[in-house]
Amino acid sequence: MGNNTDNASAPKPRRRAQGLNRENILEACLHLAAGTATDTLSFRKIGKELGADPTALYRHFADKDELLLALADQVLDMGMEGYEQGPFWELSLEELLLRARASFLRYPSVATLAALRVTRQEGEMKFVEAMLAVLKLAGFELREAALIHRACADFMLAWTGFSAGLLLLGEKSTEDDRAWVASYAKVPRADYPLAVASVGVMAEVQDDENYRFAMGLLIDGITVRLGKGSGKSRG
């Protein structure tokens with residue numbers, strides 16, 4: 001009788017090292033990084049995903065750090081696909097900050113890395129150039145635009161890294177919110193009346209809602225700064 005073993009469960013054949021390239025390695029990493037599983041990007045797991053010996057990866061990336069930076073840059077570049085600057089700088093800035101965040105949160109383990117690093121590669125440069133172009137459209141001079149870009153980019157990366165951490169926590173994050181409300185309920189209201197009265201509202205705010213609200217405050221602040229003439233050259 002023939003072998004009835006399910007082929008889908010059979011181990012992947014190992015690829016010859018010369019069959020690998022940076023593109024299919026990064027593609028395999030994206031597949032592994034999708035979702036909320038942790039510790040997915042070890043060379044051992046990447047090699048298994050590719051059906052290749054993990055040591056073959058070193059022919060294309062000097063080390064894991066180089067691989068992860070290339071991966072973060074590709075995720076940012078994916079977020080820029082289809083972006084076109086519109087006539088209103090506020091809407092274009094908002095779109096950039098939402099696009100980058102959404103792309104990173106598809107790959108939470110990559111987002112936690114990107115919050116702390118600069119990739120110095122094409123995807124990052126596209127994002128920087130696009131945001132500076134938006135701020136130029138608004139009327140800011142180069143130095144002021146550079147400072148605002150830094151504030152906006154750091155805001156997006158830091159918040160997105162935090163959001164990715166919540167996704168990786170999974171149910172534990174929801175449990176923390178419940179514990180937050182429960183613990184405040186035990187505090188004498190007379191001692192902390194505002195905190196006790198507000199904790200339920202604060203705990204109900206969803207992370208994406210919170211990000212959009214904070215982003216609105218940031219853009220409103222930039223608008224006020226522009227209105228005060230800080231975008232003009234100070235000589």
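This is a predicted model: local features need pLDDT of at least 70, side-chain atom pairs count only at pLDDT 80 or more; totals for chains, interfaces and linings use all residues.
Colleague: Noted. How many helices and strands are there?

Modeller: The protein has 10 helices and 0 strands. Reading from the N terminus, the order is therefore α-α-α-α-α-α-α-α-α-α, since the elements are numbered from that end.

Colleague: And what share of the contacts with a separation of 6 or more comes from residues 24 or more positions apart?

Modeller: That share is 73%.

Colleague: Let's look inside, then. Which residues have the most contacts in the largest nonpolar core?

Modeller: They are I25, I46, L93, F104, V110 and F127, in a core of 58 residues. At least two core residues come from each of α1 (22–33), α2 (43–50), α3, α4 (89–105), α5 (108–114), α6, α7 and α10. The biggest contributor is α7, with 9 residues. As a general point, nonpolar side chains in soluble globular proteins tend to be buried together.

Colleague: Let me pick one of those. Leaving out residues up to four places away in sequence, what does I46 touch?

Modeller: On that count, I46 touches I25, C29, L32, L41, L57 and L67.

Colleague: You mentioned α7. What is its span from the first C-alpha to the last?

Modeller: With 28 residues, α7 reaches 40 Å, close to the 40 Å expected at 1.5 Å a residue. Just after α7 comes G170, which has a positive phi of about 65°.

Colleague: Which residue other than glycine has a positive phi?

Modeller: R120 is one, with phi near 60°. In general, most residues other than glycine have a negative phi. R120 belongs to the loop between α5 and α6.

Colleague: Is R120 buried or exposed?

Modeller: R120 has a relative accessible area of 54%, and exposed means over 50%, so R120 counts as exposed.

Colleague: Switching to pockets: what volume does the largest one have?

Modeller: The largest pocket holds about 430 Å³ of space. It is lined by 16 residues, and L166, S173, D177, V205 and D207 are the closest to its centre.

Colleague: Which helices each supply at least two residues of that lining?

Modeller: Those are α7 (142–169), α8 (171–185), α9 (193–204) and α10 (207–227). By class, the lining has 8 nonpolar, 6 polar and 2 charged residues.

Colleague: And the second largest pocket, which residues lie nearest its centre?

Modeller: R117, V118, E124, A153 and L157 do, out of 17 lining residues. This second largest pocket has a volume of about 310 Å³.

Colleague: Which helix gives the largest share of its lining?

Modeller: Here α7 turns up again, with 6 residues of the lining. Helices α3 (64–80) and α6 (122–138) are also among those that each supply at least two.

Colleague: How does that lining split by class?

Modeller: The second largest pocket has 12 nonpolar, 2 polar and 3 charged residues in its lining.

Methods:
Residues are numbered from 1 along each chain as its sequence is written. Side-chain values use heavy atoms; hydrogens and water are left out. On a 1 Å grid over the protein atoms alone, a cavity is a set of points where a 1.4 Å probe fits but cannot get out, and a pocket is an open set with protein on both sides within 12 Å along at least five of seven lines; lining residues have an atom within 4 Å of a point. Grid points are joined across faces, edges and corners, and a volume is the space filled by probe spheres set on the points. Helices (H or I, at least four residues) and strands (E, at least two) are DSSP runs, numbered from the N terminus. Ala, Val, Leu, Ile, Met, Phe, Trp, Tyr, Cys and Pro count as nonpolar, Asp, Glu, Lys and Arg as charged, and the others, Gly among them, as polar. The expected span of a helix is 1.5 Å times one less than its number of residues. A nonpolar core is a set of buried Ala, Val, Leu, Ile, Met, Phe, Trp, Tyr and Cys residues joined through side-chain atoms within 4.5 Å. Buried means under 20% relative accessible area, exposed over 50%, partly exposed in between (1.4 Å probe, protein chains only). Contact means heavy atoms within 4.5 Å.
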